[in-house]
Amino acid sequence: MIKVSEEAKKKISALMTEEGFDATADYVRVGVKSGGCSGLSYELKFDKSQAEGDKVFEDNNVKIVVDKRSVLYLAGTILEYSGGLNGKGFVFNNPNAQRTCGCGESFSL
């Protein structure tokens, strides 16, 4: 469903620890909401529990929860992390997105 690159895994683990989450037990919550310059935008946060209707995935030892509405938009997405001078942070490589904005934080189908 959602894949996590090695660089994203490292950054997620470090950020979770920094923010008081347990990377082995807690979740990365990924979702889609209306908004952004292309119509839909990504959400990414940490969560200690899953809600009713959530889909749970695990890739590269990262536990991911996605709300039922967002699952269709995110199928096949690869979560990557780009650091460095021109880095953007977390990047969603979404094969379903037909158009994305310049900042990469929103998309349309």
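Let's start with burial: of the protein's 109 residues, 37% count as buried, where buried means under 20% relative accessible area, exposed over 50% and partly exposed in between, with a 1.4 Å probe and protein chains only.

A word on the source. This is a predicted model, where local features need pLDDT of at least 70 and side-chain atom pairs count only at pLDDT 80 or more, while totals for chains, interfaces and linings use all residues. Residues are numbered from 1 along each chain as its sequence is written, and side-chain values use heavy atoms, leaving out hydrogens and water.

Now the layout. The protein has two helices and nine strands. These are DSSP runs, numbered from the N terminus: helices are H or I with at least four residues, strands are E with at least two. Along the sequence, the pattern reads β-α-β-β-β-β-α-β-β-β-β.

On to the rings. There are three aromatic pairs. Rings of Phe, Tyr and Trp (its six-membered ring) pair if their centres lie within 6.5 Å; planes under 30 degrees apart are stacked, over 60 edge-to-face, the rest tilted.

Take Phe21 and Phe46. Their pair is tilted, at 5.6 Å centre to centre and 55° between the planes. Phe21 sits in the loop between helix H1 (6–18) and strand S2 (27–34), and Phe46 in strand S3 (residues 40–47), so the pair ties together parts 25 residues apart in sequence. Phe46 is buried, at 16% relative accessibility.

Next, Tyr42 and Phe92. Their ring centres are 4.1 Å apart and their planes at 5°, so this pair is stacked. Tyr42 is in strand S3 and Phe92 in strand S7 (residues 89–93), 50 residues apart. Tyr42 is buried at 12% relative accessibility, and Phe92 is buried at 13%.
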